[in-house]
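The sequence and coordinates are displayed below.

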Amino acid sequence: MQQTRENWGSKVGFILAAAGSAIGLGNIWRFPYVLGENGGAAFLFIYLICIAVIGLPVLIGEILIGRTGKRNPVGSFKALTKSGFWPYVGGMGIIAGFMILSFYAIVAGWSFGYVVEAIKGSFLDYNSPAQAAEHFNLLISDVTWIIVMFIIFMLLTMLVVYFGVQKGIERGSKIMMPALLILLVIVMIKGISMEGSGAGLEFILKPDWSKISATTVLLALGQAFFTLSLGMGAMLTYGSYMSEKDNIPSSAAQILVLDTLIAVIAGIAIFTAVFSTGLDPAEGPGLIFHTLPAVFTKMIGGHLFSIFFFILLSIAALTSTISLMEVITAYFVDELNWKRHSAVIVFGIVTILFGIPSALSFNVLNDFTIFGLTIFGLMEYLTANVMLPLGGMLIAIFIAYVWGFDKAVIELKKGAERFFERSGWSITFWKIILKYFAPVLIFIVLLQSIGLLDKITNLFQ
Ligand code: TRP
């Protein structure tokens, strides 16, 4: 079976596909809205610490488990330990991936729907940003629109995953990433040049430390895991298609830098626009859909630009949804000997059915809440702030205490011999983080999140 497993076509293939998984709505939609709700620059600061100190070591660890185990999350743990517990950790990852896909593809559907709106020229005649917000609210309260766009997006995802790793996933990522980066930079420049943008820059760059609470740390950690596609086996699965000649630490660092760059650029672009148009930074999941069209209205060439922008955003989302779907598919193909094609069709349909209640959270089920969250909100909260950090903590524990650094480091050095000759200290750093820092820190933050849930429950009793 190992001989027949597909591999990435080239070294850059892995980096592009993994960056494609990491870069998506998490950077452009979720990061700004969570940052806007949680105090701006202070959140950014903690987020960057989480990315560098916990994100990078766990990312390296996750890719390494995949490359060594050469399987989906469940199979890779099985390959590396006899203990029956760890495959369940992989299983939790697969369930988390399925849950993420079910709400993520809804927002991806909005982005796709906005391509259509952009083509129709809907963004050209807003007199005020409030009109942009109103238009968005009108669209998401339309049950047919939201569900049709969601289904179209799921079908697109299924189509790519259906054709397999190299032909589908790799080819798509190669052109789109650079194009997205360029467009974002242009939107950022436009944002900065708008009148009153200074307040936005200040919001995202000048920390107000009084805004930091335990919740901020939890949400920043959750966002760090979410944006790096970490903690549920997506990077593990992509790592399983990697060869031993590839350098894991340097690939991981490149993915991390690209991902962070895009998030920060998107943040600046959006908050300069939010403040100069007088919108509320804490508007929640609709934020970019309220803000960006209001910016396009004011731009020369805004019509064409808005079309390109939402096409690229949809593609960035697509490279992320395929990574989520790929994990589920790889599990059924590797472990249960399903045909790739059947796995894609069956789980595509199951995800659509499972996602519908989340889609209805924005209209029919608007008032239906659990712990004060809509079904959509609950899915997002549970996965990003609970399941992913938990998965990341278990991955660190697995490498440090179960698999063991002796074996892990031998594997890690493959393809990175010269890198470690020059910077041997980085291995020590990696070990310390995985052994003590990551498990303890994430554990504390998770306990906090459970306490937080209690508080929310009390509020609604
Ligand atoms: N990281 C992606 C984003 O920021 C979303 C994503 C793709 C993801 N695969 C994942 C998140 C796996 C968590 C786990 O848009």
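Predicted model: local features only at pLDDT ≥ 70, side-chain atom pairs only at ≥ 80, totals over all residues.

**Largest pocket**
- At least two lining residues come from each of helix H2 (25-37), helix H6 (129-140), helix H10 (214-227), helix H16 (375-403) and helix H19 (425-459).
- H16 provides the largest share of the lining, with five residues.
- Sorted by class, the lining comprises 13 nonpolar, ten polar and five charged residues.

**Contact of helices H12 and H13**
- Helix H12 (residues 248-276) and helix H13 (residues 287-298) have axes that come within 9 Å and cross at roughly 75°.
- Because angles of 65 to 115 degrees count as roughly perpendicular, H12 is roughly perpendicular to H13.
- On the H12 side, Ile-270, Phe-271, Ala-273 and Val-274 take part, and they meet Leu-287, Ile-288, Thr-291, Leu-292 and Val-295 of H13.
- The residues of this contact comprise eight nonpolar, one polar and no charged.

**Salt bridges**
- Side chains of opposite charge can pair when their charged atoms come close.
- Seven salt bridges are present in the structure.
- One of them joins the side chains of Glu-380 and Arg-30, with an N to O distance of 2.7 Å.
- This pair links distant parts of the chain, since Glu-380 lies in helix H16 and Arg-30 in helix H2, 350 residues apart.

Notes:
Residues numbered from 1 in each chain as written. Heavy atoms only, no water. Helix = DSSP H or I, 4+ residues; strand = E, 2+ residues; numbered from the N terminus. Nonpolar A, V, L, I, M, F, W, Y, C, P; charged D, E, K, R; others polar. Axes fitted to C-alpha atoms, helices over the stretch in contact; angles between N-to-C directions. Parallel < 35°, antiparallel > 145°, perpendicular 65-115°, else oblique. Contact = heavy atoms within 4.5 Å. Salt bridge = Lys/Arg side-chain N within 4 Å of Asp/Glu carboxyl O.
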